[in-house]
Amino acid sequence: MAPPAPPPSRVFAELDLAPSPAPEGRVEAAALPGREVHVNGSAELSARPDRARVSLRLGSRKEAAVAARSSVSRRLQYIAHTVRLHGIPEENMTVTEDFSRVENTYQMEAEVCIIFSDFGKMQNVCNLLIEKLGTSVTISPPHFYHTPEAIDTLRRQVCVTAVGNTRRKAQEVCQLFGQALGKPLLIKEEETKEWGGHIDSHLSLSADSQTLQERIQNATAYASCRVFAVFEIKGKENRRSKLP
């Protein structure tokens, strides 16, 4: 579902453009105290997921316990070797093993979870494992999500962008009235919204038939911010060109 359209930015200006005339023969001050421009502005940004988790399942059932363990162990070694060759840190791979007796046989099962920050490497690793191990391993569709650091960065960026947009609007209002924008007197965050995206503990319920890009799009996070700001008005803008 497409994200909701951001609320339109509204600009309000309160300009005291009719100060009392200065007495004849005296120069008017460049800046008049108490003159302000009030502005509302907003911003909306998005961030694609920065992590993906892939789960691999494999197992073996044999009459001999050693044979069952050996079959799974060889495939686990190959998976670990492939992951290392692609530069994936060892701490990004976890292995869970389960050994049990089923009737007159021994069953060995294992699950491997791999965390990727490079989605190109993820595709290469998965393709290679499917090619080499075939149906002896089951690879789940990737689960894309955001790290807390990525969400914090999105929040900071959207607030900074909203403040920058608000300042530009204030500058446009001042230019419209031939005034020069001064320093900010007040910057207040009025509203922030976040939607979309996945966190690590939230499993995606998307269909297996989705493409990789569709999964990334569905996991994209959005944030919006609306701010109110008050800026000082320094005085009339000097538009005359300096003589050479």
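Biologist: Which residues of helix 1 are buried?
Modeller: In this predicted model, the buried residues of helix 1 are Ala68, Ser71, Val72, Arg75, Leu76, Ile79, Ala80, Thr82 and Val83. They cover an arc of only 160° around the axis, so they sit on the same side of helix 1.

Biologist: Why would residues three or four places apart point the same way in an α-helix?
Modeller: That follows from 3.6 residues a turn, so positions three or four apart in an α-helix point the same way.

Biologist: OK, and what do the buried residues of helix 1 pack against?
Modeller: They pack against strand 2, strand 3, strand 4 and helix 2.

Biologist: Which exposed residues are on the face turned away from the buried side of helix 1?
Modeller: That face carries Val66, Arg74, Gln77 and Leu85, which are exposed.

Biologist: How many residues does helix 1 have, and how far does it reach?
Modeller: Helix 1 runs over residues 65–85, which is 21 residues. From its first C-alpha to its last it reaches 31 Å, close to the 30 Å expected at 1.5 Å a residue. Just after helix 1 comes Gly87, with a positive phi of about 75°.

Biologist: Let's move to helix 2. Which of its residues are buried?
Modeller: For helix 2 the buried residues are Phe119, Met122, Val125, Cys126, Leu129 and Leu133. Their arc around the axis is only 115°, which puts them on the same side of helix 2.

Biologist: And what do those pack against?
Modeller: The buried residues of helix 2 pack against strand 2, helix 1, strand 4, strand 5, strand 6 and helix 4.

Biologist: Strand 2 turns up in both of your packing lists. Which way do strand 2 and strand 4 pair, and over how many bridges?
Modeller: Strand 2 and strand 4 (residues 105–116) pair in the antiparallel sense, over eleven bridges. Within that pairing, Leu58 stands opposite Ala110.

Biologist: What about strand 2 and strand 5?
Modeller: Strand 2 pairs with strand 5 (residues 138–139) in the antiparallel sense too, over two bridges. There, Arg57 stands opposite Thr138.

Biologist: And how many bridges join strand 2 to strand 6?
Modeller: Three bridges join strand 2 to strand 6 (residues 143–145), and these strands run antiparallel. Ala52 stands opposite Phe144 of strand 6.

Biologist: I see there's a glycine at position 59. Where is Gly59 found, and what is it in contact with?
Modeller: Gly59 is found in strand 2. Leaving aside neighbours within four places in sequence, Gly59 is in contact with Val72, Arg75, Met108 and Glu109. Val72 and Arg75 are among the buried residues of helix 1. Gly59 itself is partly exposed, with a relative accessible area of 35%.

Biologist: How far is Gly59 from Arg69?
Modeller: Gly59 and Arg69 are ten residues apart in sequence, and 9.0 Å apart in space, C-alpha to C-alpha. Arg69 also has its charged end over the ring of Phe99, 4.0 Å from the ring's centre.

Biologist: Nice. Switching to aromatics, how many aromatic pairs are there?
Modeller: The count comes to three aromatic pairs. One of them is Phe119 with Phe144, an edge-to-face pair at 4.9 Å centre to centre, with 75° between the planes. This pair links distant parts of the chain, with Phe119 in helix 2 and Phe144 in strand 6, 25 residues apart.

Biologist: Are Phe119 and Phe144 buried or exposed?
Modeller: Phe119 is buried, and Phe144 is buried as well. Another pair, Trp195 with Tyr222, is stacked, at 5.7 Å centre to centre and 5° between the planes. Trp195 is in strand 7 and Tyr222 in strand 8, 27 residues apart, so to speak distant parts of the chain that the pair links. Both Trp195 and Tyr222 are buried.

Biologist: One last thing. Which residue has a positive phi although it is not a glycine?
Modeller: That's Glu103, with a phi of about 55°. Glu103 is found in the loop between strand 3 and strand 4. Glu103 is exposed, with a relative accessible area of 70%.

Technical notes. Residues numbered from 1 in each chain as written. Predicted model: local features only at pLDDT ≥ 70, side-chain atom pairs only at ≥ 80, totals over all residues. Heavy atoms only, no water. Pairing = 2+ DSSP bridges. Helix = DSSP H or I, 4+ residues; strand = E, 2+ residues; numbered from the N terminus. Expected span 1.5 Å × (residues − 1). Buried < 20%, exposed > 50% of the residue type's maximum accessible area, 1.4 Å probe, protein only. Arc of directions from axis to C-beta. Contact = heavy atoms within 4.5 Å. Phe/Tyr/Trp six-rings, centres within 6.5 Å; stacked < 30°, edge-to-face > 60°. Lys NZ or Arg CZ within 6 Å of the ring centre and 35° of its normal.
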